[in-house]
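Hi,

Here is the structure I promised to pass on. Please open it first, then read my notes below.

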Amino acid sequence: MPRFILPHSCTAWNTADFADTFRHEVEQIDADLLPLQQGLSGTSSVADEPFKVILIGQATDMGACIRVKTGVFYAGLIGGCSCADDPTPLESQPEYCELWFEIDKQSGETRVGLVPED
């Protein structure tokens, strides 16, 4: 699981600002730190475009960490051969995946992984 630090989300825990702080902070990190490539369903690579995060339900206090289930809307590309007669569209296609974030309450260190499909 990739790891990074979300210090502002950790500080905002148990306040009315947590959801907005978390969403804003996650949307500012490098998309390469998220397992978006593994979440692709209709394309072959993640497009270099901004992504949007929504919280699914309430964040949960797990003792030493905060667990947050999210939905991520992002864009993907279908790889082609780049030939002149290649019919593959060059525009990005919408993608969506669900991720779990686990934020250590002391350090803000965050682990993220795909939510398993049922």
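In which helix is S9 found? S9 sits in α1, residues 7-12. Helices here are DSSP runs of H or I with at least four residues, strands are E runs of at least two, and both are numbered from the N terminus.

First, the basis. This is a predicted model, where local features need pLDDT of at least 70, side-chain atom pairs count only at pLDDT 80 or more, and totals for chains, interfaces and linings use all residues. Residues are numbered from 1 along each chain as its sequence is written, and side-chain values use heavy atoms, without hydrogens and water.

Back to S9. S9 counts as buried because its relative accessibility is 0%. Buried means under 20% relative accessible area, exposed over 50%, and partly exposed in between (1.4 Å probe, protein chains only). Neighbours within four places in sequence aside, S9 contacts F18, T21, F22, E25 and I103. Contact means heavy atoms within 4.5 Å.

Next, I29. I29 lies in the loop between α2 and β2. At 15% relative accessibility, I29 is also buried. With neighbours within four places in sequence left aside, I29 touches F4, L6, L34 and F51. The C-alpha atoms of I29 and F4 are 8.9 Å apart, though 25 residues separate them along the chain.

Now two exposed loop residues. N14 is in the loop between α1 and α2 (18-28). Its relative accessibility is 63%, so N14 counts as exposed. Phi of N14 is near 65°, a positive value in a residue other than glycine. D48 is in the loop between β2 (45-46) and β3 (52-55). D48 is exposed because its relative accessibility is 82%.

Best wishes
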